[in-house]
Structures are given as structure tokens and as C-alpha cells.
Amino acid sequence: MATNDSSAKTEPLQITEDEAAVYDRQIRLWGLEAQQRMRNATILVVRLRGVATEAIKNIVLAGIGRLVVVDGDPVTPADLGAGFFFRDEDVGARKAEAAKTRIESLNPLVTVDAVSSKAPLDGDALEALVNDVDLVCVTDSDRATLIRVNDACRRAGKPFYAGGTYGLLGYIFCDLLTHDYIAPDRTAPKDTAKNIRNTTKYCPLSTALQHRWTGMTRKQTKELNPAAVFSMLALWEYQATHGGVLPDSQSEAVPLESVANALLTKADVNKQTLPSIPRATIESVATTAAHELSPVCAVVGGMLAQDILKALAARESPIVNFFVFDGSLGSGTVCRLGIA
């Protein structure tokens, strides 16, 4: 795990007997070494919406060392649905400050820092912020912001996660640079317990978005649910060309459909499997994308937290590298974008 110049990072904290008692179940599951890595990890989470709320709950309960939450937006009535860190009296207050005490109450052993400003996400301040943590997670942000923060993480050598929801759709992207992990040897005899070390080389989001689906069979393509994947990617493109605004009515289905089908053609997706995005899918996305749905946030946020912990523990393979959840089907798919 990457370190910074602080004395706390120079001398890794050891798990005390009291902490070992609190995290006993996890230590039995992951091992003391993995729990120790979590205990010494500082995680940055940007934006407090439904997905981040669920993810924060899980990583804080799991016993990370320090959490830095950055969000300069005020709490709105709409945030009270999926954002269970907020209450009626918090409306109008800054999200990071409003949530801080409730996050701390989940696990007093975790240090929580709240940054109620967007300034740290710009220029040199972003570089300094990224350098001071071990892992960065940006949620519910536009494509340009995700790429910019991902690139900063690359320069600093820090793992990067992104996640969010658009109505019934949700996604997780991860760039873990060169990630080493230990996993069971699936080829070993059943009565032989053997672990092997594996390495996966990830790519940045800007590279993943250039991925081509050329040469995939009809069956291989169908298994990845490309309609959901390209509807998700189309929302990023739509947002980028409409001043950050998301579609919010069926009348926006036509321009969104045009964007999605253009991306489908550019990526050379098997036309026998999906010649175009189904109109029913596009209409559903167009009418729900601007809204948070608590069940979708819970699924995506839970998976995001699980994968972050998996990456920190270096046990089993994390997502490689783009996950899309389709709430209309209640299932998700993982695509290797830009990775051989």
C-alpha cells in the first residue's frame, strides 16, 4: 500500500487486543495481515450520495484506519431518500459536515475527516489530496471529473475507484495500477488447499473508454449485456454534451438513443447480438437516469465497498475492470475494457 510522509504512515499502526476483538470475525475470514492493511489505509471518498453512503458504511464497519470525505454541496430534500446519514434538520447544511458525526458513530476506531469544499478537487490541491491517501473513490460524478481524478491517481501511483447510479443503471470502474493478490489455485486437487499469487495490470478510464469489442462471438457479447453497458456509456456522453444535465423524460429518448447507437457502432459490437439499443431500454433510461433509487444504490454501493476491501486485503481478484448493474434485470456484468 502506498504511503505518504506523515509519521503515522512511516510507522504502521498495529492492531490492539481490543481492535482484534472487534474485528475477530473479519480476521478469521481474511487473516490478520489483511486486517492490518485495512487498519493502516486512508481512503478518500468524493461526493456523498446514495452509492457513497452505502460504501462508506461498509468500509468503516470493516475497520479502515482513516476516511476523508469531500463534498461541498448542501443537503437537499432529495438526499434524504438514499442518503441515510442525513436527517430533515440537515437540509441546507454541507453534506460532509452533516454526515461526519453519524459516520463516526458507526465505528469510533476510524478517524473521519470532512472537507466541505470543492476546492481540493482542483489543480495542485487535487494532487496534494491524492498524495495524502492510499486509495481514491469518486462517486456519482461526470466523465470528465472521473478521468481527471483518475489521471491524478495515476501520477501519484494510487488505486482509483469510481461508482454511481443513474436510475435503474449503476456502475463501478476500477484502476488498481499493477495489482498483486493471492487467490486459491482452482486447478489444484479438491483435497489440496493451495494459494497462488496473481498480478493484474489495469488501465486508466480514458483508455478503457476506447475499448473495441471486435472479434467477440455472439454468445460472448450477449453474456456481457451490451445494451446496459452502452446505455451507461451513452449517459456519460449525453451529460458531457448537455452541460452536465441528465435526461429526465421520455422526450429525451431520441437524442440518447442516437448517442448510444453511435457508441455501439464505434466499439464494433457484434451486430448479430445487438444491432441497436432496444427502444424500451432507452426510454427507461431516459426517464429514470436523473433520479436515485435506493435499492440500486444499495447494490452498487455494497459491491463497491466489497471490492475496495478486497483490493486492500489483496485476497481474491477485484473487479477487472468495469461493472454495470441493470436494475431492470436485477443482475450485473463485468467487462474487461482496455485490458488484454
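Visitor: What joins the side chains of Asp 90 and Arg 102?

Guide: They are joined by a polar contact of 2.7 Å. A polar contact is a pair of N or O atoms within 3.5 Å; within protein, one must be able to donate a hydrogen and the other to accept it, and residues adjacent in sequence count only if both atoms are side-chain atoms. This is a predicted model, where local features need pLDDT of at least 70, side-chain atom pairs count only at pLDDT 80 or more, and totals for chains, interfaces and linings use all residues. Residues are numbered from 1 along each chain as its sequence is written, and side-chain values use heavy atoms, with hydrogens and water left out.

Visitor: Where is Asp 90, and is it buried or exposed?

Guide: Asp 90 sits in the loop between helix H6 (79-82) and helix H7 (95-106). Helices (H or I, at least four residues) and strands (E, at least two) are DSSP runs, numbered from the N terminus. Asp 90 counts as buried because its relative accessibility is 10%. Buried means under 20% relative accessible area, exposed over 50%, and partly exposed in between (1.4 Å probe, protein chains only).

Visitor: Which residues is Asp 90 in contact with?

Guide: Leaving aside neighbours within four places in sequence, Asp 90 is in contact (heavy atoms within 4.5 Å) with Val 75, Phe 85, Ala 98 and Arg 102.

Visitor: Changing topic: how many salt bridges does the structure hold?

Guide: There are 14. A salt bridge is a side-chain nitrogen of Lys or Arg within 4 Å of a carboxyl oxygen of Asp or Glu. One of them pairs Asp 73 with Arg 47, with the closest N and O atoms 3.7 Å apart. That pair links distant parts of the chain, 26 residues apart: Asp 73 is in the loop between strand E2 (66-70) and H6, and Arg 47 is in the loop between strand E1 (42-46) and helix H5 (50-62).

Visitor: What about Arg 66 and Asp 132?

Guide: Their side chains meet in a salt bridge at 3.5 Å, N to O. Arg 66 lies in strand E2 and Asp 132 in the loop between helix H8 (123-131) and strand E4 (135-139), so the pair ties together parts 66 residues apart in sequence.

Visitor: And which helix holds Glu 283 and Arg 279?

Guide: Both lie in helix H14, four residues apart, about one turn of the helix. An α-helix has 3.6 residues a turn, so residues three or four places apart point the same way. The side chains of Glu 283 and Arg 279 meet in a salt bridge of 3.6 Å, N to O. Glu 283 is partly exposed at 24% relative accessibility, and Arg 279 is partly exposed at 36%.

Visitor: Which residues of H14 are buried, then?

Guide: In H14 (residues 279-288) they are Ile 282, Val 285, Ala 286 and Thr 288. Their cover includes strand E5 (160-166), strand E6, helix H12 (226-241) and helix H13 (253-266).

Visitor: How is the protein divided into domains?

Guide: Domain 1 covers 18-204 + 294-335, and domain 2 covers 211-287. These bounds come from an automatic or database domain assignment. The centres of the two domains are 26 Å apart, taken over C-alpha atoms. Their contact takes 15 residues from domain 1 and 17 residues from domain 2.

Visitor: What area is buried between domain 1 and domain 2?

Guide: It is about 1,300 Å², and carbon and sulfur atoms give 74% of that. Buried area is the accessible area (1.4 Å probe) that two parts lose on being put together, summed over both. Arg 143, Tyr 166 and Leu 169 supply 46% of what domain 1 buries against domain 2, more than any other three residues.

Visitor: How many salt bridges cross that interface of domain 1 and domain 2?

Guide: The rule finds one. Arg 143 forms a salt bridge with Glu 237, where the closest N and O atoms are 2.8 Å apart.

Visitor: Last one: where is Ser 141, and what does its side chain reach?

Guide: Ser 141 is in the loop between strand E4 (135-139) and H9. The side chain of Ser 141 reaches the backbone oxygen of Thr 139 at 3.1 Å. Ser 141 is buried, with a relative accessible area of 8%. Not counting residues up to four places away in sequence, Ser 141 touches Arg 47, Leu 146, Tyr 166, Tyr 171 and Trp 236.
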